Amino acid sequence: MSTVTPLSWLWEWPHWVPTLLPGLGVALLLTVISCGIGYPLGFLLALMTEARSKPLKWTALVLVEVGRGIPILVLLFVVYQGLPSVGILFDALPSACIAFVWSAAAYSAEMIRVSIGTVPRGQSDASYALSMSRFDTYRYIVLPQAARISIPPLVSLTITMFHATSLASVITVSELMHIAYQQGAIYFNYMTVFTAAAVIYLVITVPAAIFADRLSKRLGGVTSVRQTAFRRRRTPAPIVTGI
Amino acid sequence: MSIHTETSPTETAPDVSNEFVRAEHLVKDFGQHRAVNDVSLSVAKGEVIALIGPSGAGKSTLLRCLNLLETPSSGSLQIAGERIVFEGDNLKRPQVLRLRRHTGMVFQSFNLFPHLTAAKNVALAQMRVLGRSKKEAMDRALTQLDRVGLASKADAYPSQCSGGQQQRIGIARALAMDPDLMLFDEPTSGLDPEVGAEILAVMRALAGEGTTMIIATHEMEFARHVSHRVVVMVEGAIIEEGAPEQVMSAPTHERTQKFLSAVLGR
Ligand SMILES: Nc1ncnc2c1ncn2[C@@H]1O[C@H](COP(=O)(O)OP(=O)(O)OP(=O)(O)O)[C@@H](O)[C@H]1O
Ligand SMILES: [Mg+2]
């Protein structure tokens, strides 16, 4: 595009933004799919790990621990290049979706499980003492409180998953990093293109991180209010509304 | 509607032939530890029982066995004609729920639902368990809150209420289910003495209305003046029971004397 001087990337990177934008689209799509499908699955896995049926519990534990224990990069290679050798073949994008959904499900399952665990025993005791069923106790007492606790970490996880989509470039998914790398190789201006890519990532993640932080503070308020209820504080706590 | 009345329940002594709760040889083991040891207890309709004893005696565990929050290891329990014999893992959910439906429980740490307003705390189980409509449940919630003097807090969250208010909401929540037997587990021990007195006044009024109650408590004056019978528990077993005056002033068991002199400081 232009002659490469040591500092030209400083002002030339904006030219590459339009070229990279379709890649951002793919990255966002991957994030939405991995979290949109992964979190509900994670919720189910979290419930399954608490189940009394041993087979359910162990299936869930294995799925969660394998999903968390194996690096996403390895998961990607296994699905894209490992499974074909046992006769299961996926295109690059579906492979990436499978790996990311699994990963998002595994990590979110753990977060949701921990959140459910932090709801004090006295809450379910009180619910059962009112003759509420196990299902209603979960539905109306335990899960609403667990949800508030798990939302901030899930928002952080979403940002992490967005970052992780860049790994899909190694299995030829044409997301942001893949396009950036190709363009860099063609024009040999890696610094300029990668700067453009970095700026695009930042434009998404910085506001998201600020949002996550605010949300966590706000919900953290609810959490500490929840705890004060058990510490029997006598001064009125701040009014909490919404969410 | 207010229950801040000064009737002494002992004036209206319950008909003890009218047995309502009958626990026989209840045992509860936690692993190696026997928290409730061969407890037999019967309670008449309208009777107020004070359950006293040192910390760790098994008072909470016994109360939790009575509404099956804990499953007794053995023994039997009958409430309002429903009888369950405990042996191994024979307990069926519907049986548990039927028996539990007769009871209401008030906890030492209130255990209000922090994400629901006071009114919803009181209304939720009415809707989910008794199938009352939202409107009816909320109406009754307000009535119950009014009864404990907290109608003005209906829309407040538990965190916006003082400890004493939270405990009164806890009482209203249990009462809204129309229980035949109220179980109180040290309802005032988490509160300042003067706030505790408000709770005791509410309970005294309930006793005056003929509510059947079993109260684990360290409030000896309350036990003496409000209960019909004092039951002393030590190391999981009932070692002595009788009229408050008799147990408090002339305990027969040496362990009771030791306990009373410790709590009464004499
Ligand atoms: N879930 C449990 N698991 C194991 N042990 C328990 C459990 N609940 C109670 N225990 C034990 O059972 C015994 C009786 O406890 P419990 O809470 O019933 O006593 P308490 O009379 O209510 O005492 P306090 O006056 O301190 O409330 C204690 O030794 C306690 O450690
Ligand atoms: Mg106790």
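## A strand in chain B

B:V48 has B:M213 of β8(B) as its bridge partner. This pairing belongs to a predicted model. B:V48 is part of strand β3, which covers residues 48–52 of chain B. Strand β8 of chain B spans residues 212–216. The two strands run parallel and pair over 4 bridges.

β3(B) also pairs with strand β9, residues 229–234 of chain B. That pairing is parallel too, and it has 4 bridges. Here B:L51 stands opposite B:V231 of β9(B).

How many residues of β3(B) are buried? The count is 5 of 5, so the strand is mostly covered, with buried meaning under 20% relative accessible area. Its side chains point two ways. B:V48, B:A50 and B:I52 face one way. B:I49 and B:L51 face the other way. Both sets are buried.

## The site of ligand 1

Which residues are closest to ligand 1? They are B:S55, B:G56, B:K59, B:S60 and B:T61, out of 13 residues that surround the ligand. By type, the shell holds 4 nonpolar, 7 polar and 2 charged residues. Helix α1(B) gives the largest share, 3 residues.

Oxygen atoms of the ligand make several polar contacts. One oxygen atom lies 2.6 Å from a polar side-chain atom of B:S60. A polar backbone atom of B:G56 is 2.8 Å from an oxygen atom of ligand 1. For B:E186, an N or O atom of the side chain is 3.0 Å from a ligand oxygen. Ligand 1 alone exposes 630 Å², and the protein buries 62% of that area. Two elements of chain B give two or more residues to the shell: β2 (33–44) and α1 (59–66).

## A covered helix

How much of α5(B) is buried? The answer is 13 of its 13 residues, and the helix is described as mostly covered.

Most residues other than glycine have a negative phi. B:L68 has a phi near 65°, and B:A80 has a phi near 50°. Neither residue is glycine.

B:L68 sits in the loop between α1 and β4 (74–79) of chain B. B:A80 sits in the loop between β4 and β5 (82–87) of chain B. Are these residues buried or partly exposed? B:L68 counts as buried because its relative accessibility is 4%. B:A80 is partly exposed, because its relative accessible area is 33%.

## Chain A

Chain A has 9 helices and 0 strands. From the N terminus on, its elements read α-α-α-α-α-α-α-α-α. The chain has 243 residues, and 43% of them count as buried.

One residue shows this at close range. A:I116 belongs to helix α5 of chain A, residues 92–118. Why does A:I116 count as buried? Its relative accessibility is 7%, and buried means under 20%. A:I116 and A:E50 are 66 residues apart along the chain. Their C-alpha atoms are separated by 9.8 Å.

How values were computed
Residues are numbered from 1 along each chain as its sequence is written. Chains are lettered from A and ligands numbered from 1 in the order in which they are written. This is a predicted model: local features need pLDDT of at least 70, side-chain atom pairs count only at pLDDT 80 or more; totals for chains, interfaces and linings use all residues. Side-chain values use heavy atoms; hydrogens and water are left out. A residue is near a molecule or strand if one of its heavy atoms lies within 4 Å of it. A polar contact is a pair of N or O atoms within 3.5 Å; within protein, one must be able to donate a hydrogen and the other to accept it, and residues adjacent in sequence count only if both atoms are side-chain atoms. Accessible areas come from the Shrake-Rupley method with a 1.4 Å probe; for residues, only the protein chains shown count as cover. Ala, Val, Leu, Ile, Met, Phe, Trp, Tyr, Cys and Pro count as nonpolar, Asp, Glu, Lys and Arg as charged, and the others, Gly among them, as polar. Buried means under 20% relative accessible area, exposed over 50%, partly exposed in between (1.4 Å probe, protein chains only). Two strands pair if DSSP finds at least two bridges between them.
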